[in-house]
Amino acid sequence: MDGAGNQRVVTPEYMFFEAPRTRSYITGSEAANEAVRRANVDIAIAYPITPQSETMQQVGELYGEGYLKDYYRAEDEVGAFSAISGASRTGVRCLTASSGPGLMRGLEVIASWPGHRLPLVFLIMCRAINAPLSIQPDNLELGYMLLTGNIVLHAENQQDFFDYTLAGFVISEKCEVTLPVAVAVDGFFVTHARGWVEMPSAELKLPGRDGYSEAVPMIDNENPPIRIARDAPIQKSNFISYQMHAAWQQEVHAAQERARPWVARYLDELIEVTNPEAETMIVASGSAVSQSREALRRAEEMGTKLGLIKIKSLRPFPREELRQACRNAKHIIVPEFNCAGWLNREVRATLYGCADLHIADGPRVFGGITMPTEMILEWACPGKQGR
Amino acid sequence: MALRTLQVAPGFMRFMPKEYQDLVENGPFGRQVKLSDVGTFKEILEEHPMCEGCAMAFFIRLALMGLPNPEHTIMVGTAGCGRMALSQAAIPFVYGNYCDTNGVATGLKRGLAIRFPEQDKDVVVMAGDGGIADIGFSQVMHSWFRKEKFTTVMLDNEVYGNTGGQESGMTCRGTMVKMAPRGKQFDKIDMLGLARTAGVAYIARLTPANPSRVVSTIRKAVLVARKIGPSYVQVYTSCNIEYSIPADKVLDDARQVEKERYGYLEIVSEEAGAYLESVAAEGGEGR
Ligand SMILES: Cc1ncc(C[n+]2csc(CCOP(=O)(O)OP(=O)(O)O)c2C)c(N)n1
Ligand code: SF4
């Protein structure tokens, strides 16, 4: 079967902004798979883990139908992430995915992708890490991802998971970016639940990867100069090596910064603000945003206006946008699905010294517990909820 | 084609470093070189920072002469001594994390097959015994089970050379090295047997004591990996520092070890054997 052969290549601009869309009622896993179908992916390599497996086994079917050129189940996550790094070096479009423990197992490799300047998309279907073993939704693993140099986008719902995945490939392969893009979504709440997703026709696909226009040459023996391997050996202890490693890391972070305009363009800004004039602002990412939307609705019924700032991009982090959006706020709460409060730390670090406001240290649920709207309201409107 | 990428626009040639000019004019690219040609062509590896008299460095130099098409070859290495030389060679070299060689090589090979369906691109892993048999064991074995078409070369110095001489799975039983204070408690891992079990198409064991055999073995291993299936070459490359072998006695040691326990061995699948014969009949590439 030649699924991809029956598709028409369109520009990202047409795909994202102009192509007519139709609505489907599908799970988050299916939404990601539909994005992959339209993304002109060459190779996908992954190791199964709940809740990621749904998508990656569907991608296997896409391969069977001729939408991808290569696909296999790796021996484990270190093997999968290493192999996808090899494939990315050759200039083909690459996809991998994992969840909680799988991500932690492969973290050494994940943290080396940005330094090797490897465009690829890494889907993260968040799942609890730590002991006792659990498959439940808890996104503590994203706290680790924030330090790796990867671009990290956090999808709220099925629609976002479709849009961010498709956009991820384009952002990742931009010359001034040339970095891996992780697209995270909260497991089960989104991956295994249905929602409405508007998608362009499955007969359209993105243009293929053009490795010749990226920041770092492909390793294919067709790129001059042959002499320079792109993986610098700098394990000598001397000032040249310190300097090189420092410059390398600075450049990764600079590339993250240069991704901002592209993230803003394809995700419609790095944040979304509801009720910007409100004194109490909820700052959230992922499915905590959906819970917060409900809290806004309930508060409004009680006569209270709450504000909501949805963080779409965790790396690059929307620092200026957040400061602007919080300039009228007096009180901020940060609902999260993890015990460490990594988003809370980001918010505190960003707003420190910028405004005279109070940032609550929560609310947080973890271990897979859902976040009741009442809990958000208790934190957002303490008096009214008897807290 | 890749050879063109070596060339320099005519007006610029005189501004290139002498060494580069030499590579373009006298390198082994696009032609077969023989061991007896040494001295008449510019080698892929010349200078490197490995220890004086290191057998591994000597082997790598020879092995690079064995590559049938260096202009279409990519080397993959990892943490360990060998990458210090490999990263100086006039061939693209990929150096990722310790353990990842055979995963990375899998991705490289498959990616290159997608982009260049008409052009053979050879991928060769060269890593230490620790990199292959200990930390990288799983990826090595699985690349063999999956029948990935690339060559794996183990630089077996029977110790962790680069980190200062700790025990590896390939250290001989009873040997006293760092982290084996009572001598190693278990046998050298039988990677050759495991390769055979996994269905590796071409398997060879050797030492650098016979240089022309190094060249021909590598050539055969790469050719088999290109057309038939995975190939594995395990070479004794003594660490003269950790095993206290005087630099001028390194080859004597190799001969001795070859005689005692590291004799030349080839295990060739039927298909690989037939292929090598056909190549030899056509013009001696498989020599
Ligand atoms: C994940 C990881 N663990 C450990 C190390 C440390 N390390 C670097 S090289 C090496 C041993 C190298 O031994 P071997 O692979 O046999 O190669 P040799 O140096 O002997 O050629 C070790 C343990 C590392 N770089 N990365
Ligand atoms: S430590 Fe041993 S293996 Fe490493 S370069 Fe020196 S002699 Fe060679």
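Begin by selecting ligand 2, which is surrounded by B:Met50, B:Cys51, B:Cys54, B:Met56, B:Cys81, B:Asn157, B:Cys239, B:Asn240 and B:Ile241; a residue counts here if one of its heavy atoms lies within 4 Å. This is a predicted model, in which local features need pLDDT of at least 70 and side-chain atom pairs pLDDT 80 or more, while totals for chains, interfaces and linings use all residues. Residues are numbered from 1 along each chain as its sequence is written, chains are lettered from A and ligands numbered from 1 in the order in which they are written, and side-chain values use heavy atoms, with hydrogens and water left out.

Next, select ligand 1. It is surrounded by 17 residues, and the closest are B:Tyr98, B:Gly130, B:Asn157, B:Gly161 and B:Asn162. The site is shared between chains because residues from chains A and B surround ligand 1. Helix α6 (residues 129-134) of chain B, a DSSP run of H or I with at least four residues, gives the most to this shell, with three residues.

Now display the backbone around ligand 1. An oxygen atom of the ligand lies 2.7 Å from a backbone N or O atom of B:Gly161. For B:Gly130, the corresponding distance to an oxygen atom of ligand 1 is 2.8 Å. A polar backbone atom of B:Cys81 is 3.0 Å from an oxygen atom of ligand 1.

Finally, select B:Val153. Which residues does B:Val153 touch, not counting residues up to four places away in sequence? They are B:Phe59, B:Val124, B:Val125, B:Met126, B:Ala127, B:Ile132, B:Ile218, B:Val233 and B:Val235, where contact means heavy atoms within 4.5 Å.

Key. Polar contact = N/O pair within 3.5 Å; in protein donor to acceptor, adjacent residues only side chain to side chain. Helix = DSSP H or I, 4+ residues; strand = E, 2+ residues; numbered from the N terminus.
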